[in-house]
Amino acid sequence: MGRFYVTTPIYYVTDAPHVGTAYTTVNADALARWHRLCGDEVLFLTGTDEHGQKVFDAAQAHGVTPQAWADQTAQRFFDAWKLLDITYDDFIRTSEPRHTVAVQAFLSRIYENGYLYKDTYRGPYCVACEDYYTPEQLVDGLCPVHHRPVVEMSEENWFFRLSAFEDRLLAYFAEHPDFTTPPTKRNEALGFIKSGLRDISITRTSITWGVPVPWDEGHVFYVWYDALINYLTAIGFGVDDEMVAHWWPYSHHIMAKEIIRFHAVWWPAMCMAAGIDPPHHVLVHGWLLVGGEKLGKTMGASGAIQLTEISPASLVADYGVDAVRYYLLRETPLGNDGEFSLEAMTARYNTDLANNLGNLVARVATVVGSKCGGVGPAAPAASALRELAGATLAEAAAAWANFAPHLALESSWRLIAGANAHLEANAPWKMEPSAELDAVMGDALEALRVVSILIAPAMPATSAEVRRRIGLDPELPDGAWTTATTDAYRGGVRVEKGEPLFPRIATG
Ligand code: MSP
């Protein structure tokens, strides 16, 4: 039995959940579910990033305390993830006392190890990024990400000696080629290290909404410094060493490429400075774009991105939860940028879900109803379709293990296509009740049983419904993937037709 600790970034509470944040979270959830199906011990962490100037300003604008504002806005994430069937094991909020404990313990270690010093920082700062820039990084004097004016900051800060870690980071990358994946993103992180690392300021005196620096009153930790530590807070850093030792070597951080520098450079250096190993794996994915603009930041000259139109809730209402999950996992290879469009989503829905999967389920149930008295026959001991099912399980497993959900689903759909072809080749709707008919239908039902396992990480509700309709226990126990080929459809149970799983969406 393996172990799998998977994390999403903790999302800023200032933005409502949208398709971009759903993309990361659904990917993490599918991976977590796949590992549970493999019988692995899984810890899946997500949460919200609640400190910093942005939250403070938003709270003031609404006339409430930052905590009250964070409480209200974090709720939107609980709601969205519930709607998307996200099975996180823990949801961390950085305003929680447990986080203060871990942040103070972690940074005190860095302080005691001599990697912090006090100095005055002067330079341009983007409040939306919560990040300092050098004058050279600005584009026409504006923030390069938000195209918004920056503010000139001058503060006495505590600095982290990031520059001391250049060689150690390069050595770490060399010794751990899979520390950051995919390779293109690894090279990006390496390029950043090789271009020279400057020390970074990690505290602020200008704001109060943050974790207090234990050794210097009046300072709070800079929001990014506190945020990264969430991954350790959740496994008990500073209070439960055993739990840290249990999970940390199996950690996988998933995020999009704009925060690679924080995760693949700062964070491992911080860990080294605190005397612990860097996280096991940083998995960087691309951006979902709408008309070429990154979703989720209201930016760009046109301002044409209507986030409310593509909120997870509206998509789930229009397409159903599993269709949304499927599209997010299937359409864009993890690591690439992808264009998000309702047209592409509708096309996938109609082709893959209505025509292929939905049709297969309906056809099998119809024939069992009309020709087998509504009772499913047992799977034949061996068949070409069973061989295909075994090969598909192996192929999909390799893809999931390789963090390639789109490939896992692509191969899963080969079994669905194979089962449909099997029905067309044998035309059981033309056969008389016979042992031969039973073998054809038992074979198809067995394929559906395997399909219900294959699709479970991506489409858990559909998996359960398919299983229920073919007379199996809807719940797949942990480890079900590992027994998928030794088990078989035993037959003798009622098969139910039901409504179409994915009614076609009319296209204009
Ligand atoms: N709070 C920081 C993260 C701290 S982690 C220690 C932050 N929050 S965020 O709310 O801006 O979320 C950024 C993350 O949301 C991205 O890294 C990515 O995981 C996800 N995405 C936001 N928009 C996205 C797209 N348009 N496409 C893909 N992922 C998107 O940064």
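This is a predicted model: local features need pLDDT of at least 70, side-chain atom pairs count only at pLDDT 80 or more; totals for chains, interfaces and linings use all residues.
An oxygen atom of the ligand is 2.7 Å from an N or O atom in the side chain of Thr24, and a nitrogen atom of the ligand lies 2.7 Å from a polar side-chain atom of Asp49. Taken on its own, the ligand has 670 Å² of accessible area, and the protein covers 98% of that.

Which elements give two or more residues to the shell around the ligand? They are β1 (3-12), α1 (19-37), α7 (223-228), α8 (230-233) and β11 (251-256). There are 27 residues around the ligand, and those that come nearest are Ile10, Thr24, Asp49, Glu258 and Leu288. Sorted by class, the shell consists of 15 nonpolar, eight polar and four charged residues.

Let me turn now to a pair of helices. Helix α5, residues 166-175, packs against helix α10, residues 260-274, at an angle of about 105°, and their axes are 10 Å apart. Because angles of 65 to 115 degrees count as roughly perpendicular, that is how α5 and α10 stand to each other. On the α5 side the contact is made by Arg168, Leu169, Tyr172 and Phe173, while α10 brings Ala264, Val265, Pro268, Ala269 and Met272. By class, the residues of this contact are eight nonpolar, no polar and one charged.

I will finish with two details of the backbone. The peptide bond that joins Thr181 and Pro182 is cis, with omega at about -5°, and Pro182 sits in the loop between β7 (180-181) and α6 (183-194). Asp85, for its part, is a residue other than glycine with a positive phi, near 60°, and its place is in the loop between α3 (66-83) and β3 (90-93).

How values were computed
Residues are numbered from 1 along each chain as its sequence is written. Side-chain values use heavy atoms; hydrogens and water are left out. Axes are lines fitted to C-alpha atoms, for helices over the stretch in contact, and angles run from 0 to 180 degrees between N-to-C directions. Helices (H or I, at least four residues) and strands (E, at least two) are DSSP runs, numbered from the N terminus. Angles under 35 degrees count as roughly parallel, over 145 as roughly antiparallel, 65 to 115 as roughly perpendicular and the rest as oblique. Contact means heavy atoms within 4.5 Å. Ala, Val, Leu, Ile, Met, Phe, Trp, Tyr, Cys and Pro count as nonpolar, Asp, Glu, Lys and Arg as charged, and the others, Gly among them, as polar. A residue is near a molecule or strand if one of its heavy atoms lies within 4 Å of it. A polar contact is a pair of N or O atoms within 3.5 Å; within protein, one must be able to donate a hydrogen and the other to accept it, and residues adjacent in sequence count only if both atoms are side-chain atoms. Accessible areas come from the Shrake-Rupley method with a 1.4 Å probe; for residues, only the protein chains shown count as cover.
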